[in-house]
Amino acid sequence: LGRELIAAYLIPPANSSEESSWPFDDGDGLYHFRIPHEGWDAPTSREEIAAGKLAAPPPGPRGLSTMADPDDTVHFFRNCPPLGFPGAPANTLAGAIAAVKTVAGQQGFTLANEQPKYLHFQVVSKRLKLIDDIEFLFLEEESVIHYRSSSRSGHTDFGGNRKRMAQFCDAWFQIIPGAVPLSSSTSRPSLS
């Protein structure tokens, strides 16, 4: 087996500033893959989650976030601002998480990572098999659900993330009883 077998399905580590290093050739003519640190494969770091933030959207029109500046027409999606926790009986953190899982499952999202107050889903494109990341951060004190949806590669997603989140929001308000839309002026922590 040795050198002939370098077979693994691994995904580039989140927040990698060296995207061109995936995969990399160390000079022996074979391509190798780096293993994500401690199995963490989410775009948002644990530190950002603990601070109540999602990672900034990627540059260019290939992602969006409810934590982006509302004046940023590329990364903030006015048609689907942050979501409020659903009404009773789900008006709790556990109820909000369960509601997002329900709608995400119906939209074909695959749960990739779950942490307290954080869900990370993935969607694989049908034709090119590219991975998009959808993250939800639950701010219990404010009863607010923020999201971030982005493509991992390319300069643009050709509106795919906006379409996906518009469908998610439409389903959210149809399926979840007592779901509350929040205005785009909802307070957001800074992305810095």
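1. A disulfide is taken here as a pair of cysteine sulfur atoms within 2.5 Å, and a search of the whole structure finds one. The model is a predicted one, in which local features need pLDDT of at least 70 and side-chain atom pairs count only at pLDDT 80 or more, while totals for chains, interfaces and linings use all residues. Residues are numbered from 1 along each chain as its sequence is written, and side-chain values use heavy atoms, with hydrogens and water left out.

2. The disulfide is formed by Cys80 and Cys169, whose sulfur atoms are 1.4 Å apart. Cys80 lies in the loop between β3 (63-65) and β4 (83-84) and Cys169 in helix α3 (residues 160-175), so the pair ties together parts that are 89 residues apart in sequence. Both Cys80 and Cys169 are buried, where buried means under 20% relative accessible area, exposed over 50% and partly exposed in between (1.4 Å probe, protein chains only).

3. As for the overall fold, the protein chain has three helices and eight strands, which follow the pattern β-β-α-β-β-α-β-β-β-β-α along the sequence. Helices (H or I, at least four residues) and strands (E, at least two) are DSSP runs, numbered from the N terminus.

4. Of the 192 residues of the protein chain, 43% count as buried. The accessible surface of the chain comes to about 10400 Å², of which 56% belongs to carbon and sulfur atoms; these areas come from the Shrake-Rupley method with a 1.4 Å probe, and for residues only the protein chains shown count as cover. Among contacts (heavy atoms within 4.5 Å) between residues at least 6 apart in sequence, 57% join residues at least 24 apart.

5. Helix α3 has 16 residues, which at 1.5 Å a residue should span 22 Å, and its end C-alpha atoms are 22 Å apart, which agrees; the expected span is 1.5 Å times one less than the number of residues. The buried residues of α3 are Asn161, Arg164, Met165, Phe168, Cys169, Ala171 and Trp172. Seen down the axis of α3, these buried residues fall within an arc of 165°, so they line one face of the helix, the arc being that of the directions from the helix axis to the C-beta atoms. Lys163 and Gln174, on the other side of α3, are exposed. The cover over the buried residues of α3 includes β3, β4, α2 (93-106), β6, β7 and β8.

6. Thr66 is found in the loop between β3 and β4 and, at 1% relative accessibility, counts as buried. Its side chain makes a polar contact with the side chain of His146 (2.8 Å); such a contact is a pair of N or O atoms within 3.5 Å, where within protein one must be able to donate a hydrogen and the other to accept it, and residues adjacent in sequence count only if both atoms are side-chain atoms.

7. Two backbone angles deserve a look. Most residues other than glycine have a negative phi. Lys129, although not a glycine, has a positive phi of about 60°; it is found in the loop between β6 (118-124) and β7 (131-139) and is exposed, with a relative accessible area of 56%. Phe158, also not a glycine, has a positive phi of about 55°; it lies in the loop between β8 (144-151) and α3 and counts as exposed at 76% relative accessibility.

8. Ala50 is placed in helix α1 (residues 46-50) and, at 70% relative accessibility, counts as exposed. The C-alpha atoms of Ala50 and Tyr118 are separated by 9.6 Å, with the two residues 68 apart along the chain.
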